[in-house]
Amino acid sequence: MIQVQAVQPERTAESSVVFSVRDLNVFYGEFRAVRDASFDINENEITAFIGPSGCGKTTVLRCLNRMNDFIESARVEGKVQYHGVDLYDPQINSNEVRRRIGMVFQKPNPFPKSIFENVAYGAKLSGRFSKTEINEVVENALRQAALWDEVKDRLKASALGLSGGQQQRLCIARCIAVKPDVILMDEPCSALDPIATARIEDLMQEIKKDFSIIIVTHNMQQAARVSDRTAFFTTEINPESDRRTGVLVEIDSTRKIFSMPSDERTELYVTGRFG
Amino acid sequence: MSTVELSPTDLRNREKSRGSLVLGFGLLVAVTFTLLSLFVLLARIFTQAIPAFRERGTDFITDTIGSEPGISGIWPGLFGSFGIGVGVLLLAVPLGLAAAIYLEEYAKPTRFNRFVIVNIRNLAGVPAVIYGVLGLIIFVGWLRPITNGGSVIAAALTLSVLVLPVIIITGMEAIRSVPTGIREAGYGVGATRWEVTRDHVVPYAMPGILTGTVLALSRALGEAAPLIMIGAITGLLPETSLTGKFTAIPMLIYNWSGRPDSAGGAIGWSNSAAAAGLVLLVLVIAFNLTGVLLRQKFEKKRVGT
């Protein structure tokens with residue numbers, strides 16, 4: 001396996017800021033999907049991205065761990081700094097970035113392998129653990145994801161036999177096992193029922209002391225329930241081309257966004273009169 | 001009282017309309033025709049082949065080619081066909097799979113790459129004889145120092161080139177059908193493109209890849225035309241060596257079918273040809289079966305039972 005030089009995060013006075021994003025523009029070919037987004041993400045907080053469909057919140061999220069690299073036509077402009085390091089610097093190893101900034105997806109996507117292998121996969125690839133340590137890593141990750149008691153007797157069974165909610169918690173465990181610094185969640189509950197959703201939300205509160213979490217959600221109540229800070233995105237329609245571009249309207253404490261937002265558009269959205 | 005007005009014909013079963021009856025009958029005819037021709041073919045081969053096996057027993061498999069059907073066997077042909085099969089497995093399958101992986105996972109969708117893919121598709125439709133000409137020029141001619149002319153190695157190389165497009169196309173389709181979520185899951189924990197391909201994409205695509213392999217192998221084992229072009233021998237006593245003169249079962253079938261049955265012997269050449277055909281059939285079915293069993297193993301893993 002290829003060992004990569006780790007990016008040493010600069011721990012300065014700004015150490016509570018994980019991401020510092022300035023003038024982020026994302027293009028898919030000629031089409032501008034996101035315009036001029038600037039924001040900071042704090043450590044050990046849950047930040048929610050909300051907004052109507054097509055507002056670019058998922059696109060922005062995927063810029064934070066260079067997941068957009070895999071979309072052929074995607075182009076990112078602006079600065080995305082992670083602990084002071086420019087993530088789009090040509091010298092950065094994007095796999096190492098994704099190891100530190102993990103991701104949980106909209107649809108639970110366990111590998112068609114055993115529960116154990118799912119959780120162990122990323123940790124094994126990192127090459128940081130011996131065989132016996134891997135067992136420990138898997139158990140700890142499953143415990144942290146509140147799944148251990150349900151699966152400890154069938155670690156060798158296929159992950160596809162789990163329920164949707166269990167699968168999503170498995171995906172969170174798989175992410176945790178790599179010991180990331182940040183977890184990006186792209187509508188992690190949109191495919192789950194309310195009970196499974198509640199479990200994931202509880203889980204997020206449990207793990208936020210260890211990780212910084214950014215969650216994209218369509219569900220405003222969820223954002224209000226789980227997050228410390230909320231970013232509201234919306235779409236602006238270009239009158240000439242009739243195409244929609246996502247813009248960040250504001251980012252503030254969740255309480256403020258939902259009670260007295262600075263921008264009228266935010267108020268219209270959170271009160272359900274728009275979007 | 002219900003306000004819905006319903007005439008008795010509204011809920012009529014349209015399955016019984018004349019159009020669908022005619023269509024159903026037409027489909028039945030098509031299936032019957034297909035099965036019937038297969039049955040006639042198999043029955044014919046069996047009835048023709050049985051006298052040969054009764055007369056020769058296992059000698060038919062282990063004897064070399066003789067001047068009379070009564071003393072002739074197919075051993076050199078079996079050796080040649082087996083060599084070709086192994087050659088295709090070792091050469092065309094890894095090469096085709098690698099090409100499929102490159103084209104699906106690595107190559108950017110440039111105009112040139114699209115052109116390459118279209119041409120690979122076209123190559124799958126090129127007649128086998130043309131590949132024979134290619135094999136004659138390249139593998140028998142230019143690469144004579146390696147192949148020693150028209151040998152099993154030259155045949156395996158020629159047929160590998162022949163089946164490559166099939167393996168590449170089925171491989172690409174199998175790889176394309178792997179859900180994006182699986183790839184993203186791998187990337188999400190920091191895996192590289194190669195790690196994701198090796199650990200998740202290829203295992204998930206394995207059933208489709210195996211289907212392509214089985215198709216390719218069956219085709220390679222059944223071809224006679226390219227072997228004629230590169231000079232497979234049809235006379236007596238070809239050697240059983242990788243670099244010497246060789247033959248293969250389709251060659252024997254082709255050659256023996258054309259010979260007149262002499263009045264004297266207990267069996268004629270046509271019986272030997274049918275028996276050789278039966279052996280080839282068994283060989284191909286055995287390969288297919290292995291492929292199907294392997295495929296099931298991978299498919300089970302994919303759905304998690």
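**Notes on the sheet of chain A**

1. Helix α6 (residues 164–177) of chain A lies across β6 and β7 (182–186) of chain A, and runs at about 170 degrees to β6(A). Contact here means that C-beta atoms, placed from the backbone, lie within 7 Å. Axes are lines fitted to C-alpha atoms, for helices over the stretch in contact, and angles run from 0 to 180 degrees between N-to-C directions. Helices (H or I, at least four residues) and strands (E, at least two) are DSSP runs, numbered from the N terminus.

2. This is a predicted model: local features need pLDDT of at least 70, side-chain atom pairs count only at pLDDT 80 or more, and totals for chains, interfaces and linings use all residues. Residues are numbered from 1 along each chain as its sequence is written, while chains are lettered from A and ligands numbered from 1 in the order in which they are written.

3. The open sheet has 10 strands in chain A, in the order β5-β4-β1-β2-β10-β9-β3-β8-β7-β6, with mixed pairing. Its edge strands are β5 (85–86) and β6 (101–104) of chain A, each pairing on one side only. Two strands pair if DSSP finds at least two bridges between them.

4. In chain A, β1 (residues 17–28) and β4 (residues 74–82) run antiparallel, joined by 8 bridges. A:Asn25 is opposite A:Glu77 of β4(A).

5. β4(A) also pairs with β5(A), in the antiparallel sense over 2 bridges, with A:Gln81 opposite A:Asp86 in β5(A). The two strands β4(A) and β5(A) form a hairpin with 2 residues between them, and A:His83 in the turn has a positive phi of about 50 degrees.

6. A parallel pairing over 2 bridges links β2 (residues 31–42) and β10 (residues 244–253) of chain A. There A:Val34 stands opposite A:Gly246 in β10(A).

Technical notes:
Contact = placed C-beta atoms within 7 Å.
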